[in-house]
Amino acid sequence: MSTHPSLYFLHRLKQRYKLVRLTEVCLLAFSVNLVVFGISHVLSLNIITTYVLSIGAGVLFFMIRSIQLNIFKVGNEAVVSYMNQHYPQLQESSDLLLREERDLTPLQQLQKLRCIEQFELLYPQIKLPNKIKQASLLFVLSIVMYVGLSSFTLPAQNKIISPKESKEESKVIENLSSFLESFEIVITPPAYTGIPASMTTNLDLKIVEGSKIYWRTFYGVAMTDVKIIFSGKDSVQLKIDKISHKIERSFTESGFYQLVWNDAKERHYSDFYKIEVIRDHPPSIAVQNLNQFTELKARDSLQISLKSVLTDDYSISQAHIIATVSKGSGESVKFREEKLFFDTPVKVQGREVRVTRLIDLIKLGLEPGDELYFYIEAFDNKTPIAGHNRTETFFIALQDTAQQETSVDAGLGVDLMPEYFRSQRQIIIDSEKLLKDKKQTTKDKFNFKSNELGYDQKVLRLKYGEFMGEEFDGGIAQTSAATAEGDDHSHEDVVKNFGHVHDEENEHNLVADKKTEEAGHDHGDKVDPNAKEDPLADFKHTHDDEEEATFFTQSIKAKLKAALTIMWDAELHLRLYDPAKSLPYQYKALKLLKEISQDSRVYVHRTGFDPPPLKEEKRLTGDLTEIENSSSQYQKEKLNVYPNIKQAFLVIEKLLQQKTITITSAQKNQFLKAGQELSVVALNQPGKYLRSLSLITALTENKIEADKKVEALKEIRKAFWNVLPNETTSPQSKQQSLHAIDQLFIRNLEALRN
Amino acid sequence: MSFNTLLPLELVASVLVLLAAFFIGLEWRRKQSLRVLRIISVGLMILALAGIILQPAYTVEKSSSIILLTANYDQKKVDSLLQLNSSATLKHIEGVKPHKGSKLLSYSDLYSIQDDIQFIVGEGLPNHALDVLDHKTFQFIPADKTEGITQLHIDESILSNRTNAIKGLYYNESGKTRIVLKGPTGREDSILIEKTGNQPFQLSFQPKQSGNISYELIMKKIDGNTSSDILPLHVEESKPLRILFLQSYPTFETQYLKNFLTAKGHQLLLRYQLSKNNFRFEYGNLPSQQFSRLTNELLNRFDLVLLDANELKTLSPTEQTTLHESIQNGLGLLMLDVDPSKETKGRINFFPFQVQKIKVDTTSLVLSKTSFTLPALPYRVNESSSAKSILANKSGILSGYKNQGLGKIGFQFLQQTYQLTLAGDSIRYSNLWSPVIENISRLNISSSKIKIKNSFPVYQDEPIDIQIISTLENPTLVIDSIQIPLQEDVMLDDVWHGRVWASEAGRHMIHVQDAFHYYYVSKAQEWKSLAVAQQIKANQVLSRDSETTASEKIMESKIVDPVYFYLLFVLTAGFLWLAPKL
């Protein structure tokens, strides 16, 4: 019986030993676990790998150590032998405790009793071997080490409120970044640029106009419904094949895009990324050695060497000169266009080409007074429509020296160049001038001029004679020359010629009335000579009668005949160097011509609006009763530009006042609407507003950390303010509240003044 | 000896004498013992009554005086004061460091010792503490000025798309200071202050939209010290005007003005006279309505009438009276194409200006920093006349107005201003016409007006006094959706007062039925110099005449405690009651 308690003690000892050892091993295993975790974290291994590694290391260590120490197989014998070794009081007989009483010799029994006594005395002091202290120390050290190691890693996702959320969030961010990183973008510029296709992972793109962009992602498992929204409008679903999502598009305009996808839980929107299109500019042409206007003298070298530099973004494919030669002047100007190619290089190609061309004006057929216009035109290799550009037109003029002389002599003030024929009015004026200048001029000159006027008078007479269908057989020898001249026009349209007479009517207005009165007086004096001449004229005209009928009525014909006869006389006196005597005839002739032109006016019937007949009874009564007021109405509600941006701006102002910024869903909605307006603006200037757009999306999706919200809001506010246009001043109604006493005061003041 | 009584002294005295005579007479006739004693006690009782009613006071020399130290006090000044007034005790207000064993005084104890405060040294007491003091008998010795903005003036109404200005004074201690006004996108305007002392500054800005917008004033010292204060502004919403054009015939001028105003959202009605009874009407942003006569009802719907001189002639006398009445009631009238030389006698004068004829029919103007020439009528109104100028140059006033009752009559001598629009200069065109139309138009009278009586800035936990002028029967004051009680002014009708304590920093909205107002509670560290300057000014106003020096004796009047009179009254009356029973 007495052995029982000692057996029990022994059992307790064994259990205690096991427990202590187990704790020790566990502590050590945990330490190993922590250290491995810390190290793999520093190496920024995948989170799963980290866990597997560290837990594996811990478990392995536990197993090795526990096998080494044989913890699970420790029996009473081991305890007994340990006690025998370490506690001499037991006299190496503690193993007797394990034996049954009946198997023992009496001596052994005696010894056992003694042993039990000793053992019970000893029991509280028995210490079994362990390293629990060292293990605890190691454990503490490993915790310190873990903390130290983990502080090296980036403090990335440890700012989120609850640990549960943080885990999810970190997972989402992990997915997001890995998703975005998995994007492979291939940019293929158009073939003509000669730029090879390139691959990039940067989602902000800068591309050559017309490039094709190819997006492709292999992260196809968890993501569904992957879309790209272009410039906030077009959403395009990515095509799915076995391993990837992909899409291809070509761009000619700048813009931006956003990626949208669903994962298992929710829909994700990425940031906005810009697509900046670099335009292919048309070629630029610089002409180096030529002014736009060049005037050459006949003696100058008539060869012009043209040098020009052509440049383009990629390559120039073609260039030439378009030259136009203009010849003649006035209505008879003629143009000839030629396409000239450059001398060097023969084939224009390359990014920057220096071209030359020697332009030989003589070969182009330029003569003095002619002009050459030319411009250079260049094409680049853009497809499908080549970009092209041209210079300003250059002018090269060859001076006409002959013309220059006339312009110097033109200083006389009167154009002496003889017209085809002079009008009667002009002859009168010239005759009067001649008489006036009689004293200053020599007799020869006077006679010469008088004779000349006589010639003019003859030409005029012949001209009018044509209208009469006159035959000039009766003329003086000189007439043949005149008719030769006259012939040029005799076949022209008669009415057109008649037009000249018409013009004279206008000229007539220029002459003072006084002179016509004088003419009248003169006419009165000289009636008799006319009368004498008349029979002769009559005789002549009877001779011509048969042919006359075609042109004019009888009265006109008679007048014309009379005029022609008078012209004869006028010419006679001029030829006799006596213009004074000739003048009365001239005036008379003028008067007759004028009458003829008046008579021969043609009546043209006007067609057009026929007003309804007036109601006589209503006329001038001033009755307006049936006339109604007219009115027009127009609605131009003040153009409210960017209403949502304005609203959102005020929301930001309000949020910035708050200590802790919390954005309500209504405010988020407002931001989204403003974002839509901003995206329209961003389309034109993607670089400028894209960041603000991204911030707006981030704000509405609560992706911005609390301490960065103020900065984000300020940046968005800045963008909004920039977008708002500067408007002109508008009058505004002024607010005022007058106290009744003030109003009374003002009224009474007014009463006092009156 | 003086009396503090509500009733006239003579009245009280005569009544009491009569009363005394009556009671003495009664006692005299009563055939009982102790007659002399009874008569004396009647006299004493009447005296006690007199004491109770008249509240006699006597003047004594002020027994104790306190020098109160407030923030930033000058120790030297305090020492000199102590030298002059050795009996004075030093006390310092909460939050101020003590000096020479001064005792702490909390704001709540201020009331009880108010009569003893002889000097206040430093930045003075805040408004709420000054309110507590019934008798302000202290002399205020201000602290030295601190560097910063000491005065700030912001226009009462700030309008969008217009150049608004902030004016103020900056006390510059040393070195150069740059003051920058920062808007939502950055710098709007800045000024460099080079001289020391109080320097005026003005900064301008042009808000692009209405609403509550926070600007920032940044003070940069040349040595790199920078401080910034938030400047809260409320940009007013623009309200459309209703304008009536009465013209005898359409002109380019009115057509362009019409286009300009309709594009800005104003409501226009134009009437041209085609013949005596036929008109052409044009409506801009208005439903169509026709009229042949001017009536009060019609004119009351409009804020401004543009009238040309020809059309004025065709108005009937009744129409002219109607127009005149409407102007008296607030309508604005803008006269175009006037010919002051042809005055219509016997009729109502719609052109009450004294003009001077000049020879030229063009004028050159400077607007938005560039000069240009426009045709103008050959008349000018003199600067000296009572006309208020809107646009003027050396030759005189080109457009201006005069108050007529509650309304205004104005004129515009400039002609063919549409040339500016044709030349593509819509900015100058709008700058030319906007002030003319705005100044002459009817004032938009709202039923209530809110006024904050505190000057900017206000800090947390400070009282804000609100005054409301309202024609409403029962105005309700709501601040941030909390209703605040209002007290009607004792003396003035329609004036109400309310008080509220500023809550957390930021913008708050006051709202009385149809009127809104915003106030801003600044953060404690903002606008320090301005607040101090204003506090010093408030204390200076209340300070006793500074000529009385510290050594002079200060007398104060003390009311005799009425308890003694009550006691005397009870004793004597008691004796009179007891005497017959003895």
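I started in chain A, where Y577(A) sits in the loop between α14 (554–575) and α15 (579–599). I was working from a predicted model. I looked up the backbone there: phi of Y577(A) is positive, about 60 degrees, and the residue is not a glycine. I noted this since most residues other than glycine have a negative phi.

Next I asked: is Y577(A) buried, exposed or partly exposed? I found 17 other C-beta atoms within 10 Å, so Y577(A) is partly exposed. The cut-off for buried is 20 or more, and for exposed 12 or fewer.

Where is Y642(A)? I placed Y642(A) in the loop between β19 (630–634) and α16 (643–657) of chain A. I found 19 other C-beta atoms within 10 Å of Y642(A), so this tyrosine is partly exposed.

Peptide bonds came next. Most peptide bonds are trans.

In chain A, the bond from T344(A) to P345(A) is cis, and omega is near -15 degrees. I located P345(A) in the loop between β14 (334–340) and β15 (350–360).

In chain B, which residues does a cis peptide bond join? I found F456(B) and P457(B), with omega about 0 degrees. P457(B) belongs to the loop between β29 (448–452) and β30 (458–459) of chain B.

My list for viewing: the loop tyrosines Y577(A) and Y642(A), then the loop prolines P345(A) and P457(B).

Conventions. Residues numbered from 1 in each chain as written. Chains lettered and ligands numbered in written order. Predicted model: local features only at pLDDT ≥ 70, side-chain atom pairs only at ≥ 80, totals over all residues. Helix = DSSP H or I, 4+ residues; strand = E, 2+ residues; numbered from the N terminus.
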